[in-house]
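Biologist: I'm new to this structure. Please walk me through it.

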Amino acid sequence: MKISVCILLLILPVFVGKAQESEPQKKPLKIGVVGMTHGHVHQILRRGKTGGDIEIVGFAEPNRDLAERLTKQYGYSSELVYPSLEAMVQATNPEAVSAFNSTYEHLETVKYCAPKGIHIMVEKPLAVNWIHAKEMISLAQKHQIELLTNYETSWYGSNAKAYALVHTDQKIGPIKRVVFHTGHPGPIEIGCNVEFLDWLTDPVRNGGGALTDFGCYGANLTTWLMKGQVPESITCITQQLKPNKYPNVDDDATIILNYPQAEVIIQASWNWPHNVKDMEVYGSTGYVFCKDGTKMDVMEHEKEGPKTIEADPLPAEAAGPFTLLKRIIHENHTLAPFDVTTLENNRIVMQILDAARQSAEQNRTIFWNELYSSE
């Protein structure tokens, strides 16, 4: 009996230690939602009702009608709605916030939250322009908070599989060309709500039209695939193919990024006949074509021909923005260099978009060093 008691006393601290170590995994991440005008807000409204690993502690939305409509739709109490970011933070003390306001308001969100040590995830792109982005990056670094950017394509199993085929398995040789088709028939055409359209089609609050809205996807994935390498030059052409519907912003953009050994073409548009976010990666011996989040065509060598495969979903611990956010904050999870959500990746994304905008306005190719040699 004495021996059993001794053994129990010896192993008990081990079990206690394990219980203490697992406590962060069990505790839900307290998230405040900043703004509800972005159409992507539905993803966190749905997510907050499942899993139990996150807890939405409050909504900061001055448009009370919009806030009550959405919270009622998903079964949240109207008591969680606050008229401002300040009121929500003071009342709920969130660990992190997820921003679904206009892109222009991302800077305001970071200015308020960063000094308070509140981590932030914004919807793509990071900022409305490079000037805003620089200030946001500086604040995040100064106050040592996470500032992440969420893209739908970050959670595509096909993109992760493509990266592995190119870099880990080296199945198609060095990257020579990447082509992106991103967009949809148009925000009006697909039925975006009026609160979203109000700023999405505003050149100040959105920073542009299709160039900003969908050009960012290609810039983000390219920076990831190129492991942080920056292009030598950027050329961009924008058009207004539907000026009667979108009089103030571009609705079509083609961006060409030139690297020392590769070329990237990003075709971002509100004029596709369908919803599309695909990616074609061409190497020296083969290609990988990600048709959507799962379906892929892969050709390693021309003599073998292409094969159609279906990518596995991402593992549960990496399958969505809020799961990732919790892992980073509660479990000290570290992201790989230039991962799609990271600040270092999205710094380059904002520089690419900034150069693309200048290229279109000035009708010329912009060289990286003329803009960012001292950045």
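Modeller: Let's start at P125, which is in the loop between β5 and α6. Helices (H or I, at least four residues) and strands (E, at least two) are DSSP runs, numbered from the N terminus. This is a predicted model: local features need pLDDT of at least 70, side-chain atom pairs count only at pLDDT 80 or more, and totals for chains, interfaces and linings use all residues. Residues are numbered from 1 along each chain as its sequence is written, and side-chain values use heavy atoms, leaving out hydrogens and water.

Biologist: Which peptide bond is cis there?

Modeller: The one joining K124 and P125, with omega about -15°. Most peptide bonds are trans.

Biologist: What do β5, α6 and β6 make together?

Modeller: A right-handed β-α-β unit, with α6 spanning residues 130–143. Right-handed means that, with the strands pointing away from the viewer, the path from the first strand over the helix to the second runs clockwise. β5 (119–123) and β6 pair in the parallel sense over 4 bridges. Pairing here takes at least two DSSP bridges between two strands. V122 has T149 as its bridge partner in β6.

Biologist: Which residues cover the two sides of β6?

Modeller: L147 and T149 lie on one side, L148 and N150 on the other, and all are buried. Buried is under 20% relative accessible area, exposed over 50%, partly exposed in between (1.4 Å probe, protein chains only).

Biologist: What does V110 touch, beyond its sequence neighbours?

Modeller: Leaving aside neighbours within four places, V110 is in contact (heavy atoms within 4.5 Å) with P115, I120, M136, L139 and L147. V110 lies in α5, and its relative accessible area is 0%.

Biologist: Next topic: α4. Which of its residues are buried?

Modeller: L85, M88, V89 and T92, in a helix that runs over 85–92. They fall within an arc of 95° seen down the axis, so they line one face of α4. The arc is taken from the directions from the helix axis to the C-beta atoms. The buried residues of α4 pack against β1, β2, β3, β4 and α5. N93 follows α4, with a positive phi near 50°.

Biologist: Where is Q170, which also has a positive phi?

Modeller: Q170 is in the loop between α7 and β7. Its phi is about 50°, though it is not a glycine. Q170 is exposed, at 62% relative accessible area.

Biologist: Now the sheet. How many strands form it, and in what order?

Modeller: 9 strands form an open sheet with mixed pairing, in the order β14-β13-β12-β11-β7-β10-β9-β8-β15. β14 and β15 are at the edges with a single partner strand each, so one side of each has no neighbour in the sheet. β7 (175–183) and β11 (276–283) pair in the antiparallel sense over 8 bridges.
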